[in-house]
Amino acid sequence: MRDHLLAIRDRILLSTRFQRLAAAFPLTRPIANAQAQKAFDLCAGFVYSQITLACVRLGVLDAVRDGVLSIDVLAARAGLPLARARVLVNAAAAIGLLSLRSRDRIGLGMKGAAIVANPAISALIEHHALLYDDLSDPVAVLRGREDSGRIRRFWPYAAGGARGAEETQEIKAYCELMGHSQELISNDIIAAVSFAGFGRVLDIGGGDGTFLAALARSSSSFSGCLFDLPAVADRAGRNFEAAGLSDRCEVVGGDFLVDQMPSGFDAATLVRVLHDHDDGDAARLLSSVCRGLQPGGTVIIAEPMSGMAGTATVADAYFGFYLMAMGSGRPRRPDEISSLLIAAGFRDVRIVRTRRPLLVCIVIAQSPK
Ligand SMILES: C[S@@+](CC[C@H](N)C(=O)[O-])C[C@H]1O[C@@H](n2cnc3c(N)ncnc32)[C@H](O)[C@@H]1O
C-alpha cells in the first residue's frame, strides 16, 4: 500500500505542470521553496564544506571567538586581500559560520560557535580533506578502486597493518583524531549506562584511553583494562600514567582478531570499534568477547548506528561512504548487531537510549550464566 502511494506521489512530483502550480499556489509555495532549497544544498554541499575548511585553516572562526572584528582586521589576520576576505566572510555568514554585525564588523554565527567550542569538529573538518579527495570520484569508490585511497592509508589497521610495537606516524595521527572526539562520546555513554555494578571493565580497541580514564574518574572504586594494538596500548598506558590512573587502568597490547584478550571481566566495551570491521571479523571478535567475559557478563557496543530516529544522514550517508572508502566495516542497525551478538553466544540484547544518537547509539547484551 505504502509503495503504491509513493509511486503515485513520484509521478505527481515529476510532472512539470505540478511543479509550476506548486510554486505559484500560495499554500504550497513555501513547501516548494523549502524543497528547492534542500535540493540546492545537496548540490552545493561540497562548496559549503570547503568554505568551512577555509575558515578553519585561516583561523577566521578563532579570530572572532572573543569578540567582533572589523573586516580589515580579519582580512589581515587571515592573510587575505580585503576583497577576498569579503567573499569568504559573506559566504561563511550565509551558511551560519559567521554573522555580519553593524558597522562592517564580523562575529561568530551559531554554527561557527559550535565549531569553536568543540576542537573535535575542527579536527574532523581538517581530516575530511582526505575523505573528499577519495570521494572526488565516488563511482570509483563504489566500484572498489584498485589503488589504496587516502582514507584507507589513514587507518592502517583496516588493511591489516599497524600491528608492530613502534608508534608510526599513521598510528599517532588516528589516535589524535579519535582522542579529540572520545571525550564527547565518553560522556554520552557514561550518562546512558550505569557502570556502578561492574567490578572490572575491559575496553576493547580503547584507543588513547580517554573513555577508560573517564570511567575511572567517575568512580574511585573503578578498575579496568584497555586492549588495543601494541603501539596504541602503549600510548594509552602513558596517558594513564600521566593522569595518575595507572594503578586502576592497565593496558594490554595485541590483535583482537588473532590474540587471546585478557579474560574474567564483568563488562566489555566496544566504543566505535565494531563498525570498522566486516561481518566475518565482527563475528569472530564478538565470539571471543563472549568467551572471555565472566558468566552473565555484559557487553556494551557504542557507535553510530543505522535505523535509529534521526541517524540516517550520519550512519547511512556519512559512515556508509566513509567506511566504504576505508575498505572495511559498515554502519549497522541495532537488529543486525543483535543478530551478530546472538550468533556469538550472547542473550538478552537491548538498546539503550543516548542523549545524542547522532554521535553514539548503544546496544547491550549478556554472556550466558
Ligand atoms: C575507531 S578507533 C576507536 C578508538 C576508541 N574506542 C574511540 O572511540 O575513540 C578503533 C580502535 O580499534 C583499534 N583496533 C583496530 N583493529 C584492532 C585489532 N585487530 N586489534 C586490536 N585493536 C584494534 C584501533 O587501534 C583503534 O584504537
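**Exercise 1.** Determine at what angle helix H14 and helix H16 pack, and which residues make their contact.

*Solution.* Helix H14 (residues 279–292) packs against helix H16 (residues 334–343) at an angle of about 50°, the two axes being 8 Å apart; helices here are DSSP runs of H or I with at least four residues, numbered from the N terminus, while axes are lines fitted to C-alpha atoms over the stretch in contact, and angles run from 0 to 180 degrees between N-to-C directions. That angle makes H14 oblique to H16, given that angles under 35 degrees count as roughly parallel, over 145 as roughly antiparallel, 65 to 115 as roughly perpendicular and the rest as oblique. The crossing of H14 over H16 is right-handed, a term for the near helix being turned clockwise from the far one by less than a right angle, with left-handed standing for anticlockwise. Ala 282, Ala 283 and Leu 286 of H14 make the contact with Leu 340, Leu 341 and Ala 343 of H16, where contact requires C-beta atoms, placed from the backbone, within 7 Å. By class, this contact has 6 nonpolar, no polar and no charged residues (Ala, Val, Leu, Ile, Met, Phe, Trp, Tyr, Cys and Pro count as nonpolar, Asp, Glu, Lys and Arg as charged, and the others, Gly among them, as polar).

The model is a predicted one, in which local features need pLDDT of at least 70 and side-chain atom pairs count only at pLDDT 80 or more, whereas totals for chains, interfaces and linings use all residues. Residues are numbered from 1 along each chain as its sequence is written.

**Exercise 2.** Describe how H11 meets H12, and then how H8 meets H11.

*Solution.* Begin with H11 and helix H12 (residues 210–218), whose axes come within 8 Å and cross at roughly 45°; the two are therefore oblique to each other, and their crossing is right-handed. From H11, Gly 179, Gln 182, Glu 183, Ser 186 and Ile 190 meet Thr 210, Phe 211, Ala 214, Leu 215 and Ser 218 in H12, and the residues of this contact divide into 4 nonpolar, 5 polar and 1 charged.

Turn next to helix H8 (residues 119–134), whose axis comes within 8 Å of that of H11 and crosses it at roughly 145°, in a left-handed crossing. On the H8 side the contact is made by Pro 119, Ala 120, Ala 123 and His 127, and on the H11 side by Leu 177, His 180, Ser 181 and Leu 184; by class it has 5 nonpolar, 3 polar and no charged residues.

**Exercise 3.** Which helix provides the largest share of the shell around the ligand, and which residues are the closest?

*Solution.* The ligand is surrounded by 17 residues, of which the closest are Met 178, Gly 205, Gly 207, Phe 256 and Arg 272; a residue qualifies if its C-beta atom, placed from the backbone, lies within 6 Å. Helix H11 (residues 169–192) gives the largest share of this shell, 3 residues, and the shell as a whole divides into 9 nonpolar, 4 polar and 4 charged residues.

**Exercise 4.** State how far apart the C-alpha centres of domain 1 and domain 2 lie.

*Solution.* The domain assignment, which is automatic or from a database, gives domain 1 (2–117) and domain 2 (121–366), and their C-alpha centres lie 33 Å apart.

Conventions: Two residues are in contact if their C-beta atoms, placed from the backbone, lie within 7 Å.
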